[in-house]
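Subject: Structure for your review

Dear colleague,

Please find the structure below, followed by a summary of what was found in it.

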Amino acid sequence: MSETADLRINDESYALNVITGTEKEQAIDISLLRKQSKFITFDDGYGNTGSCESSVTFIDGDKGILRYRGYDIAELAEQSTFLETCLLVLYGELPTAIELDAFKQRVASYANLPEEVMVAIRGLPKNTHPMAVLSCGIQALGGAYPDLATNDRAKDLERFDDAAALIISASRAITASWHRAQKGEDSISADADKGYCENFLSMMFSANEKDAGIPKEVSNALDLIFLLHADHEQNCSTSTCRMIASGGANPFASVAGATSALWGPLHGGANMAVIRMLNEIHESGDDGSRFVESAKQGKSRLMGFGHRVYRNYDPRAKILKSACDDALAALGVSSPISDIARKLEEVALQDPYFIERKLYPNVDFYSGIILQALGFPTNTFTVLFALGRAPGWLAHWREIALNGKKIHRPRQIYQGETLRPYVGISERG
Ligand code: ACO
């Protein structure tokens, strides 16, 4: 017999089904509540709302657990690569060697931008933010490959393998082309012999196609950052992607919308905000202690700390903290802001304000330091988050396309004016 929860409203009782997930998480199914009772539920910010059933990612925020398709993030970080993890996230299983090779070839085949997309990107106003460029560029890719972006669900699903490989691959070239255009430099083509991250770094920073100067440690660090960002269940941008997909929009439109949702400083923009904060602390001569005090008084926010879901150490932050040491050592870079980050963490983790509120470093706390050391301009940090998150968004697009039945359409509690008569302009004073 299935479990139910009894809800009593005034004198009426309603038996609501209880849904149990594979990790024993439980939810009360209120999908028939309005029909039965005329009541809706209210949950500002959705902190207590399950918007879907999904099999991509499992998070236990209290225990600091993150798993993609059942695999622990620490194990994947240790043993997998970004492209292999892409296939896992997209399709649910670790690929065979043949499948991985085929995917790599597909990704390689889409590494360079169609001329019309390149021209569109280079023609954007010069102050366009790289996140806006990425969002526009992904939409433009859909325009360049209309057969992959039809808004006919069956057709878009049939061509999903190509759409996913194209978005994951060409997002690098969109980012690199814009970066080079800003500096007045020509774009550099991808090299079929180079790996995913090696190619991206080369397209961004190399002097020319022949330049071979990307150390392995550098491309490995970037690969790890991408892998750690590959999915994170129903966050702001992924929910946006699913919302757009629920209306039947194609993967390009859905991922472009998710990219915009990621941009904000409370979400993907936090990695940029962390570096700005660390630089400001450094320039003010503070070792971090004063800043922590001002955060406690509500005068500032300790960026890179806190998470809506994790009430324990973000497992990705733990991995990146040690990767940060390795990358700085490999690059021979000493970073004063990395020392400040450590001090901030040390002070905050011993302070009752942060302990009581369960505020720990999140993934963005250390990713910015590595990205800065790798040479990425601060305004591209969130773009790198988006490149890493693309497989997650696409996996959620696919889940909706395969299983979604309804357009997503929350309700509201209206708190505006009640009915009032129209007043003509001459009578308004
Ligand atoms: N610094 C100082 N105080 C904080 C911080 C912080 N970073 N985060 C939360 N608090 C405090 C709040 O002031 C609040 O205190 P109060 O109870 O005295 O009012 C309490 O902790 C709860 O905070 P909320 O904002 O309600 O927590 P919520 O779960 O809504 O927010 C969020 C989570 C947005 C991530 C928040 O912690 C934050 O702004 N962090 C900094 C930005 C950041 O790093 N974002 C990246 C998130 S991870 C990602 O998107 C990849």
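The second largest pocket is lined by 36 residues, and Thr 81, Cys 197, Ser 219, Asn 220 and Asp 223 lie nearest its centre. A pocket here is an open set of points on a 1 Å grid over the protein atoms alone, where a 1.4 Å probe fits, with protein on both sides within 12 Å along at least five of seven lines; lining residues have an atom within 4 Å of a point. This is a predicted model, in which local features need pLDDT of at least 70 and side-chain atom pairs pLDDT 80 or more, while totals for chains, interfaces and linings use all residues. Residues are numbered from 1 along each chain as its sequence is written, and side-chain values use heavy atoms, without hydrogens and water.

Helix H10 (216-228) is among the helices that each supply at least two lining residues; its share, eight residues, is the largest. Helices are DSSP runs (H or I, at least four residues), numbered from the N terminus.

In helix H14 (residues 289-296), Phe 291, Val 292, Ser 294 and Ala 295 are buried, meaning under 20% relative accessible area (1.4 Å probe, protein chains only). Just after H14, Gly 298 takes a positive phi of about 80 degrees.

The count of disulfides, pairs of cysteine sulfur atoms within 2.5 Å, is zero. Cys 241 is in none, as the nearest cysteine sulfur, that of Cys 52, is 11 Å away. Cys 241 is also buried, at 0% relative accessibility. The sulfur of Cys 324 lies 17 Å from the closest cysteine sulfur, in Cys 197, which is too far for a bond.

Yours sincerely

Conventions:
Buried means under 20% relative accessible area, exposed over 50%, partly exposed in between (1.4 Å probe, protein chains only).
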